[in-house]
Amino acid sequence: MAIMEILKYPEPVLLCKAGMVHQIDGALQKRIDDMIETLYAVPGLGLAAPQVGDSIRLFIYDMSLHEKEVKARKGPLVVINPEIVAMEGEDLSEEGCLSIPGYQEIVKRAYRVQLQGIDREGKEIRVIGEGLLARLFQHEIDHINGVLMIDRFSSLKKDIFFRKLKKKAKQDGSF
Ligand code: NI
């Protein structure tokens, strides 16, 4: 297993719509294991394949990562070719993204969503998420559609974000 680099905005692969997974083979299983190791190294709650440079429709998550007791953790869940089949309600909460480090902002999301996909064994998954889990599902599916949380901002918030980004880039000398 290997820890991979998490790509940061504005890396082009983060802005592309990812392709469907057609085959769950050994190479994909290895990629999934590397993604899990990378997520746990951060640690983060969720990671989508484009964030490690793979333009495929896949994400992993582990909502139990905030548990201090390792044995209370439930282990990562892998969702391949995910789709939101139903959503309802509205929720305004702060959100962050591993590809936009150090930046948190209120994003409007559905409060409850039904997610469908397949797991790494090829079995069908159906999960209903509420609150933070529903937010995570919407955030990760946005990632595989090439959409970042900043695309969900109002134009005013977007302006502020880009100004902060430019200032930070000047300080780091990366522009
Ligand atoms: Ni993200």
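Helix H3 covers residues 155–172, which is 18 residues, and from its first C-alpha to its last it reaches 25 Å. That is close to the 26 Å expected at 1.5 Å a residue; the expected span is 1.5 Å times one less than the number of residues. Helices here are DSSP runs of H or I with at least four residues, strands are runs of E with at least two, and both are numbered from the N terminus. Just after H3, Gly173 takes a positive phi of about 70°.

A word on the source. This is a predicted model, in which local features need pLDDT of at least 70, side-chain atom pairs count only at pLDDT 80 or more, and totals for chains, interfaces and linings use all residues. Residues are numbered from 1 along each chain as its sequence is written, and side-chain values use heavy atoms, with hydrogens and water left out.

Now the sheet. Five strands form an open, antiparallel sheet in the order S1-S2-S3-S6-S7; two strands pair if DSSP finds at least two bridges between them. At the edges are S1 (46–48) and S7 (124–130), each pairing on one side only. Inside the sheet, S3 (residues 77–88) and S6 (residues 112–118) share six bridges, and Glu83 has Gln116 in S6 as its bridge partner.

What is the order of elements along the protein? From the N terminus it runs α-β-β-β-β-β-β-β-α-α. The radius of gyration, taken over C-alpha atoms, is 16 Å, close to the 16 Å from the globule rule for 175 residues, so the protein is as compact as a globular protein of that length. The rule is 2.2 Å times the number of residues to the power 0.38.
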